[in-house]
Amino acid sequence: MKTLRLEKGKSYKRIIQEAINTLEVSGMIVYPTETCYGIGVDATDQAAVDKLMKYKSRREGKPLSVAVSDREMASKYAEINDLADNLYKNYLPGPVTVISKGLGKLAKGVESEFGTLGIRIPDYPLILDIVSKLGRPVTSTSANISYKNRPYSIEALLKDTPEKQLDLIDLIIDAGELPHNEPSTVVDTTLNNLNVMRAGSLKFNQNLTEDKIIFAANTKSVQETENFGAMVMLKFIDTPLKQPFVLALKGELGAGKTQFVKGLAKSLKIADQISSPTYTLIDEYKYNFGHRKGYLAHMDTWRVDGVEELIRTGYSDYLQPGNVLAIEWADKFFAEIENQTKASGAKMIKVDFEHISESERRIRVYEE
Amino acid sequence: MSIFQSQKEELEFMKNKNIKILAIDTSCDETSVAVLEDRKVLANVLASQTELHKKWGGVVPMVARRAHQENIGKCYLEAMKRARLKIDDIDVVAATYGPGLAIDLEVGLQFAQKFAIENKKPFIPVNHMEGHLLSSLALNSKGHGVSESLDKKQLFPALGLLVSGKHTEIILAKDYGNYQKLGKTLDDAAGEAFDKVGRMLNFGYPGGPIVSEFAKKANHKESFELPVPMRSSGNLDFSFSGLKTACLYKINSLRESGRSDKEWANDFCWEFIECVVLSITEKLGEAINQNPGVKSLLVGGGVFNNETLARRVGRLARKHGLKYLLPEKKYRSDNAVMIDLAAYVHAAGSEVLIGKKAISKVDRVPRLSISD
């Protein structure tokens with residue numbers, strides 16, 4: 001085991017070269033990062049990764065993460081989805097580990113048993129230069145063996161690690177005591193999705209240009225938005241008597257869609273509290289006054305992934321005379337919703353919400 | 001109606017217990033089947049965590065998780081296998097009948113009703129929210145858990161605090177099954193605000209857990225003047241839609257000023273969470289003051305996976321001398337173990353239905369409230 005001290009200026013190039021030489025022959029290096037000391041081997045080299053596993057001991061299938069030099073290198077080893085792309089753009093280099101679906105191109109044991117891969121771009125020039133020059137990812141797990149503290153100095157590491165394991169280390173790059181920063185934030189991008197809405201939205205907007213505006217308002221408070229909703233419902237109060245009545249709502253987060261639906265409920269004399277249906281997908285409220293009765297079905301497609309899932313919500317069951325179906329984010333799946341609506345003989349209006357300022361909204365109601 | 005001929009029989013039953021309840025929940029995104037012996041968890045199966053979904057590599061798309069009809073039979077078989085039980089061993093069957101999406105509720109409810117009728121078992125319909133409220137009562141297979149006592153005198157009257165993607169509620173519980181809603185959200189739930197702010201930060205969906213992760217790295221260099229909701233409302237209701245909109249405008253203006261997300265995101269996430277936590281703890285504090293005499297605080301819901309919320313609510317409970325019943329992590333988000341627990345506390349009461357006629361009468365109630 002060899003130790004090199006990282007000091008300002010003079011030895012930087014030589015240290016990088018020594019590190020590369022070590023990694024090229026399945027060697028193992030300890031190196032500083034912005035979080036703590038990491039332990040690195042060439043992540044494409046099976047013999048080197050096996051050696052690292054032996055060093056860490058008792059990993060019980062826990063995957064390793066790797067350091068890459070940039071997004072381009074990352075994309076050679078993992079599928080970078082939109083969410084991951086956002087993290088690379090906005091947060092890296094930095095203390096964030098991005099988990100993506102691996103492409104199976106690294107040594108066994110680096111990816112998780114599910115084939116996911118943790119990647120980071122450390123905010124520390126030395127390791128970036130090493131990785132970039134090597135041209136392949138280097139493991140970036142912390143240098144402590146299992147169940148020991150994260151090492152912020154080489155002294156602490158040496159003290160905590162048994163001789164037998166220290167013997168496996170080929171090169172230590174000592175940058176002295178590192179700031180005691182927390183480990184990187186791990187973001188699993190395979191668990192998330194960025195909803196795709198473009199296709200549906202286009203269709204919706206195209207539709208609007210062919211429709212006529214029947215009501216419009218600039219509301220200056222949530223109360224005014226609610227009142228506007230109540231007014232719109234009153235204008236169409238007889239519609240549900242003959243056919244299902246569908247309101248396709250479009251507007252960004254916080255644009256007032258749910259507030260508007262509260263107004264619909266008011267005119268249908270529904271006393272229940274209307275809250276956001278984002279999680280339940282559809283909330284149904286019974287109304288019954290005079291000779292009018294049916295359901296107000298309040299739906300939200302924000303969380304819905306695709307048309308198949310939309311259909312599974314059973315929303316088309318509400319397309320019966322008597323019922324009012326208000327759909328938030330209707331633009332996401334407009335083609336499907338329009339087809340179902342037409343097939344059921346329902347009356348549809350479209351409501352477009354726009355932000356003007358924090359409290360002001362422009363709301364326009366369209367009819368074919 | 002009690003299932004027992006006499007009070008004596010009922011008392012005998014409660015003493016000997018060791019009743020095994022099979023419970024099913026399909027109210028939202030997860031198909032879940034559990035088997036408990038009294039409060040001891042013998043099996044807890046979530047569709048997204050079983051072999052069914054191995055093909056997704058541990059990551060199950062929402063459409064597959066919500067495919068309750070396809071999942072339920074397999075989850076049931078898996079639960080019975082893990083519990084090492086046969087149909088004959090099951091004493092009671094329970095299922096969620098609300099709140100939730102109608103079409104989803106039907107799957108679990110009908111499966112349980114059919115099972116109960118065909119196998120001549122008593123059936124208990126359960127309110128999903130009561131399940132959340134009682135989720136801390138679970139015990140592991142060795143009989144240990146958050147609350148080792150079920151003694152009503154030690155627990156009640158209690159306050160309940162449920163914080164999830166759909167609900168943000170404060171409840172006064174005088175007894176098992178005797179609940180009064182003191183406060184609720186008027187628009188978005190706290191968990192929904194987490195996910196929507198996560199979406200604004202381009203964390204995808206569900207972004208809430210990532211917001212929590214980023215907040216841990218805050219260095220408190222910057223304040224964004226986000227509002228604490230409903231401070232002067234004079235009641236115990238919540239509202240998170242205004243905070244959501246304030247976040248949207250703040251994020252837009254930060255980006256327009258040319259600053260990268262990296263510079264401010266950690267502090268922003270922290271401040272957002274602080275506003276949510278303050279809103280919840282302030283209302284809870286008022287509820288405790290308005291109800292002197294309460295002995296414990298029962299909490300539940302997936303947002304308690306945020307450590308700051310769990311810790312700060314716990315601190316408030318202890319300050320007022322309340323026993324703080326925080327469920328284990330795995331029982332905070334939706335699961336059938338909690339449905340089992342809610343069924344268990346009613347297993348000797350009038351909620352128990354016997355016979356085809358009574359059981360098949362139960363229908364799903366999508367907007368069921370805990371105080372119904």
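Me: How many residues of domain 2 of chain B are in contact with domain 1 of chain B?

Reply: This is a predicted model, in which local features need pLDDT of at least 70 and side-chain atom pairs count only at pLDDT 80 or more, while totals for chains, interfaces and linings use all residues. Two residues are in contact if their C-beta atoms, placed from the backbone, lie within 7 Å. On the domain 1 side of chain B, nine residues meet this criterion, and their partners in domain 2 of chain B number seven residues.

Me: On the side of domain 1 of chain B that touches domain 2 of chain B, how many residues are polar?

Reply: Ala, Val, Leu, Ile, Met, Phe, Trp, Tyr, Cys and Pro count as nonpolar, Asp, Glu, Lys and Arg as charged, and the others, Gly among them, as polar. Of the residues on that side of domain 1 of chain B, three are nonpolar and two charged, and those that are polar number four.

Me: How far apart do the C-alpha centres of domain 1 and domain 2 of chain B lie?

Reply: Residues are numbered from 1 along each chain as its sequence is written, and chains are lettered from A and ligands numbered from 1 in the order in which they are written. Domain 1 of chain B is 7-146 + 329-360 and domain 2 is 182-325, with bounds from an automatic or database domain assignment. The distance between their C-alpha centres is 31 Å.

Me: And what is that distance for domain 1 and domain 2 of chain A?

Reply: In chain A, domain 1 spans 2-188 and domain 2 spans 198-367. Their C-alpha centres are separated by 51 Å.

Me: Which element gives the most residues to the side of chain A that touches chain B?

Reply: The contact takes 40 residues from chain A and 44 residues from chain B. Elements here are DSSP runs numbered from the N terminus: helices (H or I, at least four residues) and strands (E, at least two). Those of chain A giving two or more residues are β11 (185-188), β14 (282-289), α12 (307-312) and α4 (82-91). With four residues, the one that gives the most is α4(A).

Me: What is the bridge partner of Ile171(B) in β8(B)?

Reply: Strand β7 (residues 168-175) of chain B pairs with β8(B) in the antiparallel sense over five bridges. In β8(B), Ile171(B) is bridged to Lys181(B).

Me: Is the crossing of α1(A) and α5(A) left-handed or right-handed?

Reply: A crossing is left-handed if the near helix is turned anticlockwise from the far one by less than a right angle, and right-handed if clockwise. By this rule, the crossing of α1(A) and α5(A) is right-handed.

Definitions and conventions. Two strands pair if DSSP finds at least two bridges between them.
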